[in-house]
Amino acid sequence: TFIGNALACSVALASIELFEGQNYMAKIHRMTEVMRREMCAFFSPKVREVRIMGGCICVEVKDGAVLRGYQQFACERGVFSRPFLNYLYAMVPYVITEEELVQVLGVMKEWFSRI
């Protein structure tokens with residue numbers, strides 16, 4: 001088993017040190033603020049709900065067929081995304097810049113403005 005594995009424990013402790021030492025909670029809070037700012041005026045009759053939690057955003061659509069073609073659309077705009085069922089989501093890395101995050105959210109909004 002991996003329970004008590006010295007290497008795994010050392011890696012976990014180093015990860016916690018980085019997380020706390022580089023104040024990732026403040027970075028996550030800022031990401032949430034940017035997501036809320038960028039998505040507050042967003043509306044589409046095709047969308048059931050937009051949820052934001054930490055570094056995750058989920059756009060739930062009423063009909064999953066609306067998301068067909070989104071993966072290619074996003075890729076052509078420099079964003080990797082793969083919708084799942086009725087969900088268009090992003091789980092962005094904590095090191096993302098504000099500009100990159102705005103780009104990801106912009107591609108999501110652009111998709112709904114085109115359909």
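I counted two residues as in contact when heavy atoms lie within 4.5 Å. The model is predicted, and I kept that in mind throughout.

Entry 1, the helix pair. I looked up which residues of α2 meet α4. On the α2 side I found Arg 30, Met 31, Val 34, Met 35, Arg 37, Glu 38 and Met 39. On the α4 side they meet Glu 98, Leu 101, Val 102, Leu 105 and Lys 109. Sorted by class, this contact has seven nonpolar and five charged residues, and no polar ones.

Entry 2, the geometry of that pair. Two packed helices are described by the angle and the distance between their axes, so I looked up both. Helix α2 covers residues 24-39 and helix α4 residues 98-114. They pack at an angle of about 35°, and their axes are 10 Å apart. The crossing of α2 past α4 is right-handed.

Entry 3, the sheet. I noted an open sheet of three strands in the order β1-β2-β3, and the pairing is antiparallel. β1 (47-53) and β3 (87-91) are the edge strands, each pairing on one side only. On average, neighbouring strands are turned by 10° against each other, direction ignored.

β1 pairs with β2 (residues 56-61) over six bridges, in the antiparallel sense. I looked up Glu 49 and found that its bridge partner in β2 is Glu 60.

Notes:
Residues numbered from 1 in each chain as written. Predicted model: local features only at pLDDT ≥ 70, side-chain atom pairs only at ≥ 80, totals over all residues. Heavy atoms only, no water. Axes fitted to C-alpha atoms, helices over the stretch in contact; angles between N-to-C directions. Helix = DSSP H or I, 4+ residues; strand = E, 2+ residues; numbered from the N terminus. Left-handed = near helix turned anticlockwise from the far one by under 90°. Nonpolar A, V, L, I, M, F, W, Y, C, P; charged D, E, K, R; others polar. Pairing = 2+ DSSP bridges.
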